[in-house]
Structure formats: structure tokens, C-alpha cells
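Welcome! Please take a moment to look over the sequence and the 3D view below before reading on.

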Amino acid sequence: MRIMTIVILAAALVVAPACTKKPEVSAGIDLAGMDTSVAAGNAYTNGGWITATSIPADKSSYGAGAILVDEVRKRTQALIQESANTASAANDDTRKIGDFYSSFMDEAAIEAKGITPLKAQLDGIAAIADRHGLARILGGQLRADVDPLNNTNFETGNLFGVWISQGLTDPTRTFPYLLQGGLGMPDREYYLSTTPHMVELRKQYQAHIAAIFKLAGFADQDARASRVFALETAIAKVHATRVESEDVHSAVSWKREELAVKAPGLDWPALLDAATLNDAPVLIVWHPKAVSGLSALVAKEPLDIWKDWLVFHAVEKAASFLPKAFVDEDFQFYGKALNGTPEIRPRWQRGVDFTNEALGEVVGKLYVGHYFPTETKAKVQAMVDNLVKAFGKRIDSLGWMSPETKVKAKQKLSTLKVGVGYPDRWQNYSGLEVVKGDAVGNQQRAEAFEYHRQLSKLHEPIDRGEWWMTPQTVNAVNLPLQNALNFPAAILQSPYFDANADAAHNYGSMGAIIGHEISHSFDDQGSQFDADGRLDNWWTKADFDHFKAAGEALAAQFDAYRPFPDLAVNGHQTLSENIADVAGLLTSYDAYRLSLQGTADVVKNGFSGDQRFFISFGQSWRSKIRDAALRRELATDGHAPEQYRADVPRNLDGWYDAFSVHPGQKLYLEPNQRVHVW
Ligand SMILES: [Zn+2]
């Protein structure tokens, strides 16, 4: 699972000036960002930065990741703009990124067209005459827009989400996965929770639905909005919870003929045909109860309500590419109300992000060529080697893991494929048509192109080297079915990795992230996938019982973090990620020692190597977030809020030694309360 929440972050040009002179080997510490008047922990490491920083008006959160995202986006924009300016001389791929971006930026043309780019789609919905027609439209909308295992995304406004990957129990073949969908808000909690915040949001959401109908020229907006909202509430009631969604064992394999029996109501042949899923004899249904519930709703709820629901989602989905009135209304709800972001970010930033989504590896190839030198790749590779070695030693010395499980763990570790920077093979975009001046069409064709690219995997040999993040993504990911990790070029940059900084810095930040992803291959998720990526628990029951017991202590530690009087962190929802944070930091601490090869510690900026290691970790998780966005994260995210992730060192004995942390201090834990799963 990925290391960070993918938040739609915006760049308000607050980027540090590029460093032009060749720096000395630095300690990599932001001294001014600390507050050494308080005890060790997030406040000590980041107190100065927290006081001095306010969240830019066009963001819902801000921190180390967001600052790097800003920098990467600025560089990416320059690369895309260059392609737009030199379109005639460029190759076809770079022409496409230039045209995609400049079409989005051409606001005058977008205003002039109004909603006409959606006319054919809306006419198609209006022409639905029966349940067969409804199923065809529902199927035709399906896209590869969710990901239950790698990038962990369960949200789609389409009735179902599709994911294409190898089989859970058959790593030799690729299958379509079917997930629950159909909501316009992020999760069922938004429809069913009785907290005042959610009750208020529901009112605003209904007003937003009505506003979209009005903008699109439909009469009876309020009545339509309340019917659409009622339908989505019924959908929410059949949805699995966020915690249930994480349970890989709830997925079932259904033959296509079984869909009509196990999930009656929908005209499945019509839906699958329209979704070009005819040649898939078996589907893996991730949310069987929800898929049955949704199918029943398709049969039960009046056709006209479904048609209204389809209209709302069609317009909403395209809103970013429509005239300003649509963009503003969309931001009013999804930006302001849902995330608490006061201002929409500049258009060019949205344009860069959409271009990245549509033609990710074209932009990525350019990015790597400009910003990811081979020396950086080699240095990161050396760090990865030390981390893998350190993790292997941790496995060897575990008291609780049985010898037979250790053999399997070492085997899995030895075949782990760690991708650094970019994929071995780049994607081919020759089949994607990008038309200058057709912003809506370009976006729709790009989504369809990606869906069909994913579907084509059904007929190809498994690619164990497939990447699931673009090189220009500031993030990292564990791929359980491939027994592989991706560390994109964009995260292998300062402040996470700095080729000119010392080992304490790089292991404290990037090393801990690499360790985090490695450990996922061996945690409650990883224990269920063997070295070939087959869903097969390779642990003994005693191993698992110990792991669960250790996990309970960590769940309780995070349950106690309470950012709002009425809302705490969910220790179980975030447990895998919290275990990975602890394991990643422990492993990187060992790997840092390995990298020193016995040389004596050097004090820099007044800090020992161990102190710099932990400070670097804390600074890599510095973050501020708006209340509404924090509430959203608590409800939907598998990760704990970053302010608490920064305090993970309280579980490491080495942290107590490094800073003389003692009883009575806020983050102090008795030795028997420190969780050392690994
Ligand atoms: Zn993770």
C-alpha cells in the first residue's frame, strides 16, 4: 500500500529557490523549523515550522510532501509548456501532452462551447427506455478507476469500479476486479454518520446536486437533487465500510453466469457487453454484498431516478473541463465544504495534474531525463540494498516467528523486486487521440484509453515489472501481487533523499519510507501473499497470533490520539500503515548503522548521527491540515494523520537514548508499551 494519502494538492508558488551552488555534504536538517525548548517528538522537530507556516489558501493540507509536490509540478509544467510551444517539431507523444494541456488552458474556447461537449452523453441518458438500456449505459461508463491493493482507492462515482490485475489465487492470469461504487461523497459514513459535521455536509451536498442540475439547464432542480441524494443514501447503506474494504478475504470469484444468480436485478449481460468485459469468464468481486445490493437497487428504484443520478454524475465528472460556473460550483462543494480549502488553485496547476493523469508516462519520461541522474539511482539502489539486508537480519533475530515461516520470509525477501525511479518499459500512447481544442473529449478519451489499456492485460502475459505510479509522483507503493515496490523518481529528491546529504538524513527520511514499503510485504497484508504474489497465508497460526497481539497494542496507541473531541484516530483502520511506519523506522535505523561500516559517529549542527536520523524522520512528516480535511482523512484513510506518524519514534528504544526522553514527558512510553512488531 502506498505511503501517503493522495490528496489533490495545489501549488501556490512557495517553492524554495533552486540551489545553484554545489553544496557540501550537509546534515539536511532545517534548524529554524525546530523548537528545541520542548521535549523530543513532533513539536521539538517541527515546532518552529508549525508556528511559522500557514496552509496556503488553495490547499487543504501542507507539509514536506506538498512542498515537494509543488516543486515537481512547477518543473513538470515547464516541460509540458515547452511541448505545447514546440508542437510542430515535437514527436507525437510530446505533441499530445502539449495539446492536452493547452486545450485545458484555453478557457475562452471552453466558455464558448458551454455544455455542448456533453450533449451526446446526456441525450444517451435521456433516451434510456428500460432496464436493459440502463444497464448498457451503466456498463459503458465503467473505468479502471479504483485499486484495492496497490494505491488503495475505493472511490468511484460510477456504479462499479474496475481494477485489472493478476488473480488473487492465480498469479499466472489476469482478471477484472469489480468493486462497489456510485457515491458522490467519499464514503458511506458521509451519508450515514450522525455527527453534526456530516449532517451539515449532507445539506450542502444536496444543494450542490441541485446547483449542477441548474447549471446544466434542467428544471425541477431541488426535486431532482433530493431524489438523487435519497438514491445515494440507499447505495451507501449497501456499501461495505472502509475497514471491511481492506479485507482481501471478502473478495470472491464469480463466473460471469453467476452474477445474475448471486447479484440479481441488473441486466448483467448488457452491462458486461457495454463494458467490453465479454471475454472475461470469471470476475473477482471485491465487495460481493455491495455488488448484490447495488444490483437489487438497479431493479428496484424508478428508472427516472437512475437517469437523474446518471445526469448528475456525468456533469459532475466533467465539471473541471466545463465553463467557469461549473468549475466554481464543483470547487464550492468538493474543495471548500468537503476539504475546507478556501481558494481554488491556479488553473495551470490543475492542467498539469490532468495532463499527468492522461499521459503520465510521457511526462514521466521527460521528468526522468531532466531530474533523475543515474548517480542518484545508484545511490538509492545502494540504500535499498542495505535496507533489504537489515530487514533480513530482523527476520533472523525475531523471537516470535517460527523457523519454517522465517525460511519463507527470507525467500520472499530474496525475490522482492524493488523499482527505483521509473519502469523498465515505457507505456505506449500511440492509440490515444488528443484533439486540440476539445478539452472534455480529450479527458474522456484518455480515461477510455486507460481502461482499454488495462483490459488488454487480460490477453497478455503477466508483467511482473508493471509500475503503478508515474515517475513524477511524490509517493511510494508496495505491490503485493507482484512482490514488488515502486519508488518514483519524484520522491527520491530533497527533503526525502538528497544525494549531497549525509547518511543520517537520507536513512531517517527516505530510508524509513523504503523500510515502510518493504515491511508491507511481511505484515498482515504481506503475510497473505507469498513470493509469487499468490493469496496464501504463509504464516503459522502462532506467528499470526503474536503479530495480532502486538498489533492490538499499536491500535490502542493510535486510538488514543484524539484530534477532535468527537473524533479519534481509528487504530484498526490505520493499523497496517502504523505497523509499517514502526517497522520502516526500525529497519532504516539498522540500515543506517550498516551504512556507517563501523566508522565513528560525527556530530553535525550539534546533533549526533542518531539525533539527526530521528530529526530527519520527524521533518519528513511535518504537516498541517485543515479541520474538514482531517475529518475526511480520519473517516476514509488507511493512514494515520501525519502529525501522529511523526511521533512514531516513541516506539524505538534508540530514540529514548538519543534524546534522553524520560518518564513524565508527553510522548514517553514505558519500555513494555513500545511496540516492536519487527
Ligand atoms: Zn504503507
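The briefing below goes through confidence, a sheet, a metal site, aromatic pairs and one glycine.

This is a predicted model, in which local features need pLDDT of at least 70 and side-chain atom pairs count only at pLDDT 80 or more, while totals for chains, interfaces and linings use all residues. Residues are numbered from 1 along each chain as its sequence is written, and side-chain values use heavy atoms, with hydrogens and water left out. The protein chain has an average pLDDT (the predictor's confidence in each residue, from 0 to 100) of 93.

**Confidence**
- A pLDDT of at least 70 is reached by 96% of the residues.
- Residues 6-23 stay under 50; for this stretch the model has 37 contacts (heavy atoms within 4.5 Å) beyond four places in sequence.

**The sheet and its helix**
- Helices (H or I, at least four residues) and strands (E, at least two) are DSSP runs, numbered from the N terminus.
- An open sheet with mixed pairing is built from four strands, in the order S2-S3-S5-S4; two strands pair if DSSP finds at least two bridges between them.
- Strand S2 (160-166) and strand S4 (252-255) are the edge strands, each pairing on one side only.
- From one strand to the next, the twist averages 35°; axes are lines fitted to C-alpha atoms, for helices over the stretch in contact, and angles run from 0 to 180 degrees between N-to-C directions.
- S2 and strand S3 (residues 174-180) run antiparallel and are joined by seven bridges, with Gln-166 opposite Thr-174 in S3.
- Helix H13 (residues 288-300) lies across S2, S3, S4 and strand S5 (282-285), and runs at about 45° to S4.

**The zinc site**
- His-516 (NE2), His-520 (NE2) and Glu-577 (OE) coordinate the zinc ion at 2.0 to 2.1 Å.
- Donors are N, O and S atoms within 2.8 Å of the metal (3.2 Å for Na, K and Ca); water is not among the atoms, so sites may look incomplete.
- Along the chain, the donors of the zinc ion are spaced as H-x3-H-x56-E.
- Helix H21 (residues 503-520) holds both His-516 and His-520, four residues apart, about one turn of the helix.
- His-516 is buried (under 20% relative accessible area, with exposed over 50% and partly exposed in between, using a 1.4 Å probe and protein chains only) because its relative accessibility is 0%.
- His-520 also counts as buried, at 4% relative accessibility.

**Aromatic pairs**
- Rings of Phe, Tyr and Trp (its six-membered ring) pair if their centres lie within 6.5 Å; planes under 30 degrees apart count as stacked, over 60 as edge-to-face and the rest as tilted.
- By this rule there are 40 aromatic pairs.
- Phe-321 and Phe-354 form a tilted pair because their ring centres are 4.6 Å apart and their planes at 50°.
- Phe-321 is in the loop between helix H14 (303-318) and helix H15 (324-339) and Phe-354 is in helix H16 (residues 347-358), so this pair ties together parts that are 33 residues apart in sequence.
- Phe-321 is buried at a relative accessible area of 4%, and Phe-354 is buried at 15%.
- Ring pairs also link a cluster of Phe-391, Trp-400, Phe-522, Trp-538, Trp-539, Phe-544, Phe-547 and Trp-678.

**A buried glycine**
- Gly-571 sits in the loop between helix H22 (541-559) and helix H23 (575-596), and is buried with a relative accessible area of 0%.
- Leaving aside residues up to four places away in sequence, Gly-571 touches Ala-555, Phe-558 and Asp-559.
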